[in-house]
Amino acid sequence: MNVPAYDFQGRSIDIIGFAPGMKADAALKLLKDRKPGKEVRGSTTSIGNRTVSSESFDSYYYFWQREKEEINVYLTSPSAGNEVFSASRNLEFWNAEERPDFEKSIAALVEKYGDPSKREDILPDPRYINKKSKTVTLMWYLGGAGKCELKQFDSIVGNLSDICNKVTHTTGPSVNDFAYTPAKADMYSKTATAGSDVVLVAHIHNNDGSDRVFGITVSFTDLKRRSLSAKADIALVEAEQAKFDSVKVAAPEL
């Protein structure tokens with residue numbers, strides 16, 4: 001499967017080196033190199049049905065350090081290159097003296113990824129429960145038409161528009177929820193019509209009314225690669241099923 005070349009207009013689209021299209025072995029090496037001596041976990045899966053099935057392959061890697069950092073890296077199947085289609089990183093600063101400046105953190109994200117396509121601010125409001133917390137979400141819609149337009153709710157696959165304005169980072173057992181599977185091909189196909197090839201979202205927040213950051217989460221999803229991968233895998237399974245069905249077995253001795 002060949003993914004058409006993207007045009008990101010010179011922008012760097014990676015999260016600490018993890019980038020769309022990176023091969024699984026390179027992604028695993030990068031994660032281990034960044035966390036020497038630490039446990040890097042992962043999971044395997046396979047594609048197919050009860051009759052024909054692929055060998056198991058790595059579907060995601062993740063690293064977790066309590067109250068510090070989490071990294072998730074998600075992969076397509078080998079028939080689609082076993083390549084990174086999504087990655088996310090969550091940083092938490094529980095020690096007040098380690099918390100970075102809020103505006104400088106936003107500036108660093110803009111310096112790395114360019115001006116965002118969209119920005120949403122949720123500021124402290126003494127009238128409501130949100131009396132001190134502040135949240136800024138930055139969104140970049142890269143490649144394609146440079147937009148992300150999806151209906152909020154689809155009766156079959158749920159809330160599609162989340163991919164446009166929310167980070168995809170998950171934690172704990174739910175890390176598996178975002179893993180690649182051709183069973184979600186309909187959802188992958190619909191989100192690929194959003195108007196961009198890759199969506200990158202950054203979420204910065206605090207909860208104490210200060211000018212410092214408590215947490216930063218950044219994620220990207222390669223909508224085009226994910227959709228094309230699912231189509232390639234479905235075609236492969238259907239072809240193998242056709243081969244299986246073409247073999248006629250003689251009747252047993254009666």
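How many salt bridges does a search of the whole structure find? The search finds 17, counting a salt bridge wherever a side-chain nitrogen of Lys or Arg lies within 4 Å of a carboxyl oxygen of Asp or Glu.

What you see is a predicted model, where local features need pLDDT of at least 70, side-chain atom pairs count only at pLDDT 80 or more, and totals for chains, interfaces and linings use all residues. Residues are numbered from 1 along each chain as its sequence is written, and side-chain values use heavy atoms, with hydrogens and water left out.

Now the overall picture. The protein has five helices and eight strands; these are DSSP runs numbered from the N terminus, with helices being H or I of at least four residues and strands being E of at least two. Reading from the N terminus, the order of elements is α-β-β-β-β-α-β-β-α-α-β-β-α. The C-alpha trace spans about 85 × 45 × 40 Å along its principal axes. Of the 254 residues, 44% count as buried. Buried here means under 20% relative accessible area, exposed means over 50%, and partly exposed is in between, with a 1.4 Å probe and protein chains only. The protein exposes about 13,800 Å², and carbon and sulfur atoms supply 51% of that; the areas come from the Shrake-Rupley method with a 1.4 Å probe, and for residues only the protein chains shown count as cover. As for contacts, meaning heavy atoms within 4.5 Å, take those between residues at least 6 apart in sequence: 64% of them join residues at least 24 apart.

Let's zoom in on helix 2, residues 102–113. This helix has twelve residues and reaches 17 Å from its first C-alpha to its last, close to the 16 Å expected at 1.5 Å a residue. That expected span is 1.5 Å times one less than the number of residues.

Which residues of helix 2 are buried? They are Phe102, Ser105, Ile106, Leu109 and Tyr113. These residues cover an arc of only 100° around the axis, which puts them on the same side of helix 2; the arc is that of the directions from the helix axis to the C-beta atoms. As a reminder, an α-helix has 3.6 residues a turn, so residues three or four places apart point the same way. On the other side of helix 2, Lys104 and Glu111 are exposed. And what covers the buried residues? The cover includes strand 5 (118–122), strand 6 (134–142), strand 7 (198–206) and strand 8 (215–222).

Have a look at the two ends as well. At the start of helix 2, a side-chain oxygen of Asp101 comes to within 3.1 Å of the backbone nitrogen of Glu103. Just after the helix, Gly114 has a positive phi of about 90°.

Side chains of opposite charge can pair when their charged atoms come close. Lys112 pairs with Asp14, with the closest N and O atoms 3.3 Å apart. This pair links distant parts of the chain, with Lys112 in helix 2 and Asp14 in the segment before helix 1 (24–34), 98 residues apart. Lys112 is partly exposed at 34% relative accessible area, whereas Asp14 counts as buried at 14%.

Next, Asp121 and Arg119 meet in a salt bridge at 2.8 Å, N to O. Here Asp121 is partly exposed at 37%, and Arg119 is partly exposed at 41%.

Then there are Lys224 and Asp197, whose side chains meet at 3.3 Å, N to O. Lys224 lies in helix 5 (residues 223–246) and Asp197 in the loop between helix 4 (185–191) and strand 7, so the pair ties together parts that are 27 residues apart in sequence. Lys224 is partly exposed at 22%, while Asp197 is buried at 9%. There is also a network of salt bridges linking Lys23, Glu83, Asp222 and Arg225.

One last stop: backbone angles. Most residues other than glycine have a negative phi, and most peptide bonds are trans. Ile16, although not a glycine, has a positive phi of about 45°. Ile16 sits in the segment before helix 1 and is partly exposed at 21%. Asn82, also not a glycine, has a positive phi of about 50°. You'll find Asn82 in the loop between strand 3 (69–75) and strand 4 (84–92), where Asn82 counts as buried at 15%.

Methods: Polar contact = N/O pair within 3.5 Å; in protein donor to acceptor, adjacent residues only side chain to side chain.
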